[in-house]
Amino acid sequence: MSCPAVNVPVTVWIVKKGDGSPIRELAMIPGLLADANKILWQRGLTLVQSGTVRYLNNDAWRNHTNVLAETNAVIDAMMDSTNSMGNAVELYFVETLEGGDAAGVRRPKGIAIASGAGSRTIAHEVFHDCGLEDIYIADDQGNPLLELV
């Protein structure tokens with residue numbers, strides 16, 4: 001069964017470091033989205049960048065903890081400061097999530113991606129944004145391993 005192709009507009013936000021340099025280099029964004037699309041196309045999705053990359057100049061938004069909590073004042077404030085008027089997936093590149101223990105997180109108002117994460121994390125979090133749960137690889141006895149698909 002094939003899925004209809006759907007273009008998913010993405011607004012990209014990059015948090016800047018204290019010295020003004022971006023967490024992620026602008027030149028890396030098209031490649032990250034293209035590589036994420038190599039995974040997403042299997043479900044009929046294609047990420048399409050909506051407009052130019054935008055920057056956030058708030059040092060408090062570089063590093064985030066407690067990202068899975070129902071409410072998180074810092075990450076929610078970051079995502080509340082921007083608005084694509086509901087017409088795009090909001091993708092935020094930050095320095096760290098959970099002190100480096102998390103690569104990405106989907107929140108109700110956007111997706112945060114840590115600086116060291118790649119296109120697989122972007123695709124993974126976009127699938128969450130579409131309502132899909134995590135899928136784990138299982139061993140021969142059907143016991144789930146901690147490696148995500």
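**Figure 1. Overview of the predicted model.** Of the 149 residues in the protein, 38% are buried. The coordinates come from a predicted model. The fold comprises three helices and ten strands, and from the N terminus on the elements follow the order β-α-β-β-β-α-β-β-β-β-α-β-β. Among contacts between residues at least 6 apart in sequence, 59% join residues at least 24 apart. The protein exposes about 8500 Å², of which carbon and sulfur atoms supply 53%. Six salt bridges are present in the structure; the close-up views below show examples.

**Figure 2. The salt bridge between D59 and R62.** The side chains of D59 and R62 meet with an N to O distance of 2.7 Å. The two partners are placed in distinct accessibility classes. D59 has a relative accessibility of 47% and therefore counts as partly exposed. R62, at 18% relative accessibility, counts as buried, because the class takes in residues under 20% relative accessible area. The pair also belongs to a network of salt bridges that links D59, R62 and E95.

**Figure 3. The salt bridge between D76 and R107.** Here the side chains of D76 and R107 form a salt bridge, with 2.9 Å from N to O. D76 lies in helix 2 (residues 73–80) and R107 in strand 7 (residues 104–107), so this pair ties together parts that are 31 residues apart in sequence. R107 has a relative accessible area of 4% and is therefore buried. For D76 the relative accessible area is 21%, and this residue is partly exposed, because buried residues must fall under 20%.

**Figure 4. The salt bridge between D80 and K109.** In this view D80 forms a salt bridge with K109, and the closest N and O atoms are 2.5 Å apart. The pair links distant parts of the chain, 29 residues apart: D80 belongs to helix 2, whereas K109 sits in the loop between strand 7 and strand 8 (110–114). D80 is partly exposed, with a relative accessible area of 45%. K109 has a relative accessible area of 51% and is exposed, because that class begins over 50%.

**Figure 5. The network of D59, R62 and E95.** This view shows the three residues D59, R62 and E95, which are linked in a network of salt bridges. R62 is buried, at 18% relative accessibility, while D59 is partly exposed, at 47%.

Methods: Residues numbered from 1 in each chain as written. Predicted model: local features only at pLDDT ≥ 70, side-chain atom pairs only at ≥ 80, totals over all residues. Heavy atoms only, no water. Salt bridge = Lys/Arg side-chain N within 4 Å of Asp/Glu carboxyl O. Buried < 20%, exposed > 50% of the residue type's maximum accessible area, 1.4 Å probe, protein only. Helix = DSSP H or I, 4+ residues; strand = E, 2+ residues; numbered from the N terminus. Contact = heavy atoms within 4.5 Å. Areas by Shrake-Rupley, 256 points an atom, 1.4 Å probe, with all protein chains shown as cover.
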